[in-house]
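Thank you all for coming.

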Amino acid sequence: MKIKKTDVVIVGGGPNGVTLANYLGMYNIKTVLLEASAEILPYPRAVGMDDEALRVLQGVGLAEVAVKDMIANVPLRYYNARGVCFAEVKPKAAQFGWPMRNMFMQQLLEVTLREGLSRFDSVDLSLGHSMTSITEENDKVVLTVTDPSGEEYRLEAAYAVGADGGRSEVRKQTNIGFSGLTHPAKWVVVDAANDTLDAPFTALHGDPVRPFVCIYLPYQHRRWEFMLFPHEKEEDICQEDVIRGLIRRHIGDKVDSLDIVRIRAYTHNSRVADTFVKGRVLLCGDAAHITPPWAGQGLNSGIRDVVNIGWKIAAVVKGLASPQILQSYDDERRGHATDLVGLADNMGAILGMTNPIMAGIRDWMFKATDSVDSLREHLVEFKFKPKAHIVKGIVYHESEEVYEDTLVGKLFIQPDVETAEGKKEKLDTVLGDWFSIIGYRVNPTDYMSEENLAFWNKMQTQYIQANPSRSGLSHDERLKASGCVSIEDIDNNLSDWFGQARDKIAIIRPDRFVAALTSAKRLNEVLDELRAKLTAK
């Protein structure tokens, strides 16, 4: 049997797997991406992307391309049993540099992501290649793979990532449990083209007669989702004439102009793998945690996995960090991924009420909350979505008790800044691809020991001093700091953030989470602690 070798193998060429391959390509890690299908499926599956996921795509230079096929700031509306909108999510904030709700079609995104791989000689996209077995042998992972001609070969890698979906063979063959539940009610998903309905939003209808969802998509596409009742047979409902009848109830004769692209019934699952890391194998996306669609966080949660995995595997393969840091992926992602599954379960339970009395009580409760400003803001700004907070992992909390209001372990903001050359940039462009140490009106390199400078230079760390806007002598004579990049805080967002932090220096991880906050006086002590976490055997 022919033998191939690589540093990392990714099983599954969906959005998560291809995004991870782009990150490993950016870090120049030799990678093989196995995808059983030769072609991208020609219809949408995932349809919503949030600001955090777009920021991840920005990290590999693909966000600007991807958003060309997206609709930004699409509202999310909730309708009661009488068809009256009782709540709307319409966030306008862009704390992380991108709109919070963006509608897209997965097949178009996958084209963008795969084209991105062409930039990297280190990445081999193997289409039509199926994994048949995976085992771990001493210092490597060994896969048996079947190529498009049916010939088997042996693929050896230092690490393997299962990005092969909810039915993951990687997860099954490594004997990782998948705890949770399968929901009893099925839903029929209908994708339609040539849509002219004047409804530019996502609508969740809690109609007890038949709960349904209507989703506005790019390029005159729309998705409809209808609940199936226990007495109904899937094959009877999934007929085009029946589906057109269900849609006609809501939009009348406009249904006649629709082109039905796809009709498929889905069973919803809420499950989380018993571990995300086992030996040299890691799981991400639906292979690690699968969620119902109601919070729109399935794909987004997987993309968060990817950016957490990417820099860690790259650092280990390059010899910059200990292999032990890979275990922190489970520590850091499990809680947040599980919280998002719970959010989707709760939203689905609220939407899917078929008892008219219970639906009436639900509608009354939401109408009551509408009179309370703080609750209304909670809905409008999507503040009910749990935020990731890393308590244990590659972060340094000065106190054993981690408080909710601390900024350590949370995503760093991404405002626009101006460079010393006067160019306006998103902050992440300045932060670079690896760690960054940013001081507000402080040059962090002035306070770093030679030992720390040597280590963090080896980690390709970017050093940054942020100054207030227009704090130099003139537009052409801006403040500059020796040994680091100088930027100007043009909208005072960094000033506000550091004011809340009550410290002047932040250490930012490659995935843009705050690894630590410190003063200039304590900087070396904090860097020593982080260095110990990265190099612990």
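Serine 301 counts as buried because its relative accessibility is 4%, where buried means under 20% relative accessible area, exposed means over 50%, and partly exposed is what lies in between, with a 1.4 Å probe and protein chains only. Please keep in mind that this is a predicted model, in which local features need pLDDT of at least 70 and side-chain atom pairs count only at pLDDT 80 or more, while totals for chains, interfaces and linings use all residues. Residues are numbered from 1 along each chain as its sequence is written, and side-chain values use heavy atoms, with hydrogens and water left out.

Serine 301 is found in helix 8; helices here are DSSP runs of H or I with at least four residues, strands are runs of E with at least two, and both are numbered from the N terminus. Not counting residues up to four places away in sequence, serine 301 touches His289, Arg333, Ala337 and Leu340, and by contact I mean heavy atoms within 4.5 Å.

Asparagine 308 lies in helix 8 as well, and with 2% relative accessibility asparagine 308 counts as buried. If we leave aside its neighbours within four places in sequence, asparagine 308 is in contact with Tyr329, Glu332, Arg333, Arg509 and Asp511.

That brings me to the helix pair itself. Two packed helices are described by the angle between their axes and the distance between the axes. Helix 8, residues 298-317, packs with helix 9, residues 328-351, at an angle of about 175°, and their axes are 10 Å apart; the axes are lines fitted to C-alpha atoms, for helices over the stretch in contact, and angles run from 0 to 180 degrees between N-to-C directions. Helix 8 is therefore roughly antiparallel to helix 9, since angles over 145 degrees count as roughly antiparallel, under 35 as roughly parallel, 65 to 115 as roughly perpendicular, and the rest as oblique. On the helix 8 side the contact is made by Ser301, Arg304, Asp305, Asn308, Ile309 and Lys312, and on the helix 9 side by Ser328, Tyr329, Glu332, Arg333, His336, Ala337 and Leu340. Those contact residues divide into four nonpolar, four polar and five charged, where Ala, Val, Leu, Ile, Met, Phe, Trp, Tyr, Cys and Pro count as nonpolar, Asp, Glu, Lys and Arg as charged, and the others, Gly among them, as polar.

Let me take leucine 143 as an example, which has its place in strand 10, residues 140-146, and which is buried, with a relative accessible area of 0%. Among its contacts, leaving aside neighbours within four places in sequence, are Val9, Leu34, Met131 and Tyr153, and the C-alpha atoms of leucine 143 and tyrosine 153, ten residues apart along the chain, are separated by 8.4 Å.

Alanine 516, found in strand 26, residues 514-518, is also buried, with a relative accessible area of 0%.

Finally, the cysteines. The structure holds zero disulfides, a disulfide being a pair of cysteine sulfur atoms within 2.5 Å. Cysteine 238 is in no disulfide, and the nearest cysteine sulfur, that of cysteine 214, is 18 Å away.
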